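Work through the exercises below with the sequence and the model open. Each task is followed by its solution.

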Amino acid sequence: MANTACFMIVSKNDIPIYEAEVGTVPKKEDAAHQHQFILHAALDIVQDMAWTTSAMFLKAIDRFNDLVVSVYIKVIHTRLMLLHDSRNDDGIKSFFQEVHELYIKTLLNPLYLPGSRITSSHFDTKVRALARKYM
Amino acid sequence: MEPDASIETSSMIRVAVLPIASIPPLLFQDYAAMLLRHHTVSLNSISSFYTEHQKSPFANQPWDSGSLRFKFMLGGSPPSPWEDFQSNRKILAVIGLCHCPSSPDLLSVANQFTAACKSYSSSLVQRCFAFCPGDSQLEEESCKGSNIVLFPPADRQTQEFHLQTMVQDIAASLLMEFEKWVLQAESGGTILKTPLDSQASLSSEEVIKAKKRRLGRAQKTIGDYCLLAGSPVDANAHYSTALELTRLTADFFWHAGAMEGSVCALLIDRMGQKDPVLEDEVKYRYNSVILHYRKSFIQDNAQRVSPLSFELEATLKLARFLCRYSAYSLMQDFSKEVVELLTAAADGATSLIDASDKLVVYVEIARLFGALGYHRKAAFFSRQVAQLYLQQDNKLAAISAMQVLAMTTKAYRVQSRASSEPSHDDGQTYADGRKMHHYSIVSLFESQWSTLQMVVLREILLSAVRAGDPLAAWSAAARLLRSYYPLITPAGQNGLASALANSAVRLPLGTRCGDPALPFIRLHSFPLHSSQMDIVKRNLAREDWWVGSAPSGPFIYTPFSKGEPTHGDKQELTWVVGEPVQVLVELANPCGFEVKVDSIYLSVHSNNLDAFPVSVNLPPNSSKVITLSGIPTKEGPVSIPGCIVHCFGVITEHFFKEVDNLLIGATQGLVLSDPFRSCGAAKLKNAHVPNISVVPPLPLLVSHVVGGDSSVMLYEGEIRDVWISLANAGTVPVEQAHISFSGKNQDSIVSVASETLKSALPLKPGAEVKICATLKAWQLGITDPDAASSKGVPGTLGKQVKDGSSPMLLIHYAGQLINSGEPQTGSVPPPGRRLVIPLNICVLQGLSFVKARLLSMEIPARVGETYTKLVQLESDATERVHGSERQSDRFMKIDPYRGSWGLRLLELELSNPTDVVFETSVSLDMERPNNKDSSSHCTCAEFGDPKTRIDKECTARVLIPLEHFKLPILDGSFLVKGSQNNGNTGGRSPSFSEKDIKAELNASTKSLISRIKVRWQSGRNSSGELDIKDAIQAALQASVMDVLLPDPLTFGFRLAKSSLDHSAKLISPKKSDMQVNSLGSGGSINAHDMTAMEVLVRNNTKETIKIDLSITCKDVAGENCIEGDKATVLWEGVLTGIGKEVSPLQEIRHVFSLYFLIPGEYTMSAAAVIDDANEVLRARARTRSSDEPIFCRGPPFHVRVNGTA
């Protein structure tokens, strides 16, 4: 089933530190930009919502047209954001949990400066594999 | 869909405001602005204009609290098809604005106005306001009866008042018109239709339906008019009826409209009240409004017209209401509900048919998000709006798109520097920037959504190009290129470069833009003043004002300087008015095309520097360090925040700080790339801008060494005068100057004519003074000469110059103090300057000293009429002995008659390894015979003999007789140790310590050594002195006693006066006696003749000595010829065992006669045994025991006995 998904990690300074198009729909550059624009705009809502709930997984917090934004907020206010059109909530939740684990592993790397871009290709490969698995 | 819709919109009377005739746009705006202020007219203010013709249908009109609201539509608006549905959409009044001076013919104005009103058929009142009419126009009759209202020329306040009155008049007229209309509508049957109602021929069923519905619709419309007339209670009554009727007829659309009106009436009625109950009521009712609008959707005409826009409008109205309400209330936050409403509206917008409706929805959504504080959401929808605009392919839409996108730049952090507020952290210094905490660095790069930023900038560029705004296009392209060059392909970079160039072509020359493009510029360094122009702070409190100012050493950091390091690294830089300064900056072009910088110069915000532009070409992917210069023009602090660059046809300002921040980000991995490193520029420590201040003009001394500034070649020990010319190249006279030395080998500067410089002060601009410095070349190091002499090449010593062993002259000079009277506290005096003149001395190995030896020599004296100096000593015996100088002492002429016994000579061996000839001469400075009582004048004894010439690569020896250094008295002080002094030591204290003795001895030795000078000369103008003090001291060390101290007794022989008849002629030609080889004339003793002789014994000590004198005479063979069997000399008088007593410093004579039997050479000598010798004598004789007799032997004297022939 072809679906659209764009995954992003946004640091607490609102800097995107990782971004990936993980959908199976053939990529169009314009669309990719649009996905990022939507995720960027959703930050406003996430920012408000984050303080009203104790949940880490905020399901379908924002939407634009048929695209839905789900967010997983970490304690240090790093946000894992996913723009998707599928409704597979459980899969998304598992995806977030696994990526969270991956991200923590990255953080443990002494050479990684928290808040800077994640450039590890291993991380990228793993994230894409997880995306295929859960969505 | 209409923009800016809110619930209250239903109560607003639409008034078209039209420009009539030729009114200048600016004036139209001005008048319109005046008019717009009167958007609300209270009912009680219009009561005077209102006349009740019939019974008013608005029974419950609140005359005391209510008001009419106007919505002025500038330029009018086209009639809406939904006018019947919502009466507030009707243009109910038309106001024309006219400027009389620009349209003198009022009649034509009136005609034009009437024509303009024709298109507003729904308008009930028309007025044309004519401003500033002339006198003739005021009197004109033609406009009477028309709707033209003349505003007589008056001041603004009066005009405004006049306008207010006119608006109130209009309001009153409208109110009366509304009454008329309502009365008419209640009585007659108006048919109200909307586009929703099918336009096609109505079927009978529908006609019946429409008839049924008519009543409800009429009630709704009357309600609308009540609302417009400012009577919410009446409106509510009508709406209630309408609601009932429409519900019964299932006219959902009108039902919803009536409900909307009722909410508006509710709000107007409760104006100013804030209570949650009202809030909930509005929310509840509006939700049902939205629901009913949705219900009214009819499938069959969905293609043509749809109530969706009303549904969305209602949604937005509610959202706006909640949004406004949540802004007031702290208790309730409706933002979540607003977000939901807006999200729903956005969803609905996708199915809107009309593009402009969609546009309006997005605009409204963006505005509402913005009002909520959701700037990113607002930016997102703004961008949607811009995209819709860009889909319409026309210039106006492009301009709109550009403007909308410009609003999003803040949220996407790509705003143009021109539009962003002036950076608030200008005061932040570079030092602070360097200490910046990591997190604050991160905050500098917040929201680096580079993909989005690039997209937005690209869209701005596209829209600007389409809109034909070259400056905006340039700015967008510059931002895009500067910030995102690493993400753009070389082709894309080239495209941007050509976009920049194309935009620049359309811009007027010299256009400035706030956003810098390429190149990246960072501060490289501030070159310090050259040592020739050093500026030194002046310390007024001290005479030597330069002390303790600038660190003169080569070390910037000294471990001893305390204080906080942050303060320490803030460098101070002083520039001088009128003297060019330089700043090094580094440019980088990380892009794939060549950047041609037409001109670049320092940007000086303090306006006291004339910067000189330069032009640079930067090849692709390259960096360059260039020097930018300028001339300070005014005193005061200078701030150089960046450079002004003229590149790609536009002038931009590049700030150093931005690049510095960028580089900080690059080191933290927050920015994509460091433009300098990618160009291969060397890593540079963060250069920070020092505090620069400009001081008034200072004098400027320029120096050069007369005869060439190259190094002075000197042989070791050479003394030479160097003339240094100092010229004042400044514009201010030099008032103070002081010369000091620094560097290595300072003692090689013997003297500097600082007096000459002092006397030349004040040195006027352009004046020149020459001062003389006497230099003496130092000795080369010990290791060097070995190496050099072994090679034998003097040129190898040239390297000596480079190691900085040359001394330097430091001249501190300053101009006049400005207020020479009393120095004001707080005012900083103009600084002084320091000129460093390095004296480049190249010392070549010269005459070198090989070794020194002490030689002794014995030449027997001759007995003659002439006598030793001791005779003459006797003559001035009244003088103090040590004060008398042996003036006649011709130093090295050996008097053959006097002879010299125990003559000591210092032999110096000198070698000349150079390739020039040296001539040496030894001189003895007789200035100080001893270190006491040096009242004497300079008597420099020099050898009469010619100079010793030492050829190249030869060695030579020079002899220095040391006889003269004998002290005249044998003073006990040198020898006596302990306390056993007797009275003869004079006033010396008995507790004369050994240390002092040694010191005195050393002193006299030193004075001896210092008096020996070996001067040399080579060629015409090289002369110098050998430094051989240490060598002489070493040579003399062993026998210094012998050299310095005289024997206790001096013996001498001469012919006695009794034989005067023979020797008379010999006395007179005294000079002849001095000749060494005048043996013939000297030998005046004849054989077989009684020769009277006398022996002279002088006591050189300060006490009486008892001696036992004896005289011997030996022949050539050394046989004693007085005694024994073969005695050849007869004698008379006593020759042995003569007991004598010699008083101190006196001499005795003992006369005897000899009769030589055989002519020939004889040697006479006297000897004495000293009785009762004291300590001094023993010490001198170095006896071992006190019993040992002390034996003194005089030097031998030759006697030549002539035959009697």
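**Exercise 1.** Does Cys132(B) count as buried, partly exposed or exposed, and why?

Solution. The model is predicted: local features need pLDDT of at least 70, side-chain atom pairs count only at pLDDT 80 or more, and totals for chains, interfaces and linings use all residues. Residues are numbered from 1 along each chain as its sequence is written, chains are lettered from A and ligands numbered from 1 in the order in which they are written, and side-chain values use heavy atoms, with hydrogens and water left out.
- Buried means under 20% relative accessible area, exposed over 50%, partly exposed in between (1.4 Å probe, protein chains only).
- Cys132(B) has 25% relative accessibility, so Cys132(B) counts as partly exposed.
- Cys226(B) has a relative accessible area of 0% and is therefore buried.

**Exercise 2.** State how much area chain B and chain A bury between them, and which residues of chain B lose the most.

Solution.
- Buried area is the accessible area (1.4 Å probe) that two parts lose on being put together, summed over both.
- For chain B and chain A this comes to about 2900 Å², with 59% on carbon and sulfur atoms.
- On the side of chain B, Arg376(B), Phe380(B) and Trp449(B) lose the most area to chain A, together 27% of what that side buries.

**Exercise 3.** Find how many salt bridges join chain B and chain A, and describe one.

Solution.
- A salt bridge needs a side-chain nitrogen of Lys or Arg within 4 Å of a carboxyl oxygen of Asp or Glu.
- The count between the two chains is two.
- One of them pairs Lys377(B) with Asp62(A), at 2.3 Å from N to O.
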